Amino acid sequence: MLARANRIVRGDDYRTVVRRGRRSATAHAVVSVVRRLDDDRGPTRFGFIVAKTVGNAVTRNLVRRRMKAIAHGLLPSAPLGYDVVVRALPAAAQAGWPTLLEDISRSFARGVEKAA
């Protein structure tokens, strides 16, 4: 589970990342990354968007839990001061763990490169 310091919780923060962030898309997810200017030494924060197009509530929660576990694994190597929003696409419901892990990890790395 992600600590509160590593989560995006305000709607304004989600909107900022999605609108101004650098996007990197795969078949299963779109990862938006933005560097925070006001708190560039603060922890990297993650947010997740899983719409009803992904599936029913059980499927959406499964996808969200997988994305949170992936983000938790990325935290030790993540640079400080970034906000990241991961939006699941409908194909994420059928994706296996290794595929989702690879897609989100690769997209996160590309997004950080672009946003730096």
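Where in the chain is confidence lowest, and where is it highest?

**View 1. Confidence along the predicted chain.** Helix H3 has the lowest confidence, at a mean of 92, and strand S3 (residues 45-50) the highest, at 97. The score is pLDDT, the predictor's confidence in each residue, from 0 to 100. The chain mean is 93, and 100% of residues reach 70 or more. Helices (H or I, at least four residues) and strands (E, at least two) are DSSP runs, numbered from the N terminus. This is a predicted model: local features need pLDDT of at least 70, side-chain atom pairs 80 or more, while totals for chains, interfaces and linings use all residues. Residues are numbered from 1 along each chain as its sequence is written, and side-chain values use heavy atoms, without hydrogens and water.

**View 2. The contact of H2 with H3.** Arg66, Met67, Ala69, Ile70 and Leu74 in H2 meet Trp97, Leu100, Leu101, Ile104, Ser105 and Phe108 in H3. Contact means heavy atoms within 4.5 Å. Nine of these residues are nonpolar, one is polar and one is charged. Here Ala, Val, Leu, Ile, Met, Phe, Trp, Tyr, Cys and Pro count as nonpolar, Asp, Glu, Lys and Arg as charged, and the others, Gly among them, as polar.

**View 3. An aromatic pair.** The structure holds one such pair (ring centres within 6.5 Å). Phe46 and Phe108 are tilted, 5.7 Å centre to centre with 40° between the planes. Planes under 30 degrees apart count as stacked, over 60 as edge-to-face and the rest as tilted. Phe46 lies in strand S3 and Phe108 in helix H3, so the pair ties together parts 62 residues apart in sequence.

Conventions
Phe/Tyr/Trp six-rings, centres within 6.5 Å; stacked < 30°, edge-to-face > 60°.
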